Amino acid sequence: MRFLQLLIKLGGVAIGFVFALLGTARELFSSADTKHVDDRQLIDTDLIGEFNHRTGRLDAGNDPYGWYKED
């Protein structure tokens with residue numbers, strides 16, 4: 001009787017572990033749809049604009065946290 005109760009408890013722990021792994025895998029695969037930093041707008045191109053010292057790139061000069069050289 002005790003052996004059966006132990007198997008039921010271990011089965012519950014194993015099922016919980018499987019659900020936790022599935023939840024983690026789902027979160028990892030669903031985060032693949034995020035927008036990358038390189039997916040920039042055309043106005044934020046590296047060919048024109050102000051040099052932003054925070055990002056190390058040229059941009060339109062409208063980054064509120066950017067650090068631009070004062071002329």
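Reader: What is the confidence in the protein chain?
Author: The mean pLDDT (the predictor's confidence in each residue, from 0 to 100) is 78, and 73% of the residues reach 70 or more. Confidence is lowest in strand 2 (residues 57-59), at a mean of 80, and highest in helix 1, at 90. Where pLDDT is low, the predicted coordinates should not be read in detail.

Reader: Why is Phe3 called exposed?
Author: Phe3, in helix 1, has a relative accessible area of 59%. Exposed means over 50%, buried under 20%, and partly exposed in between (1.4 Å probe, protein chains only). Phe3 is therefore exposed.

Reader: Which residues form a nonpolar patch with Phe3?
Author: Phe3, Leu6, Leu7 and Leu10 form the patch on the surface, with about 420 Å² of accessible area together. Patches are made of residues with over 30% relative accessible area and no salt bridge; like charges are joined within 9 Å, and nonpolar side chains (Val, Leu, Ile, Met, Phe, Trp, Tyr) within 5 Å. Accessible areas come from the Shrake-Rupley method with a 1.4 Å probe, and for residues only the protein chains shown count as cover.

Reader: Why does Phe51 count as partly exposed?
Author: Phe51 lies in strand 1. Its relative accessibility is 40%, so Phe51 falls in the partly exposed range.

Reader: Which residues does Phe51 touch?
Author: Leaving out residues up to four places away in sequence, Phe51 touches Gly56, Arg57, Leu58, Trp67 and Tyr68. Contact means heavy atoms within 4.5 Å.

Reader: Why is Asp59 called buried?
Author: Asp59 is found in strand 2. Its relative accessible area is 7%, under the 20% limit, so Asp59 is buried.

Reader: What makes the pairing of Asp59 with Asn52 a polar contact?
Author: A polar contact is a pair of N or O atoms within 3.5 Å; within protein, one must be able to donate a hydrogen and the other to accept it, and residues adjacent in sequence count only if both atoms are side-chain atoms. The side chains of Asp59 and Asn52 are at 3.0 Å, so the distance meets the limit.

Reader: How do you know that Asp63 and Arg54 meet in a salt bridge?
Author: A salt bridge is a side-chain nitrogen of Lys or Arg within 4 Å of a carboxyl oxygen of Asp or Glu. The N to O distance here is 2.5 Å, so the pair qualifies. The structure holds one salt bridge. Side chains of opposite charge can pair when their charged atoms come close.

Reader: Is Asp63 buried or exposed?
Author: Asp63, in the segment after strand 2, has a relative accessible area of 16% and is buried.

Conventions
Residues are numbered from 1 along each chain as its sequence is written. Side-chain values use heavy atoms; hydrogens and water are left out. Helices (H or I, at least four residues) and strands (E, at least two) are DSSP runs, numbered from the N terminus.
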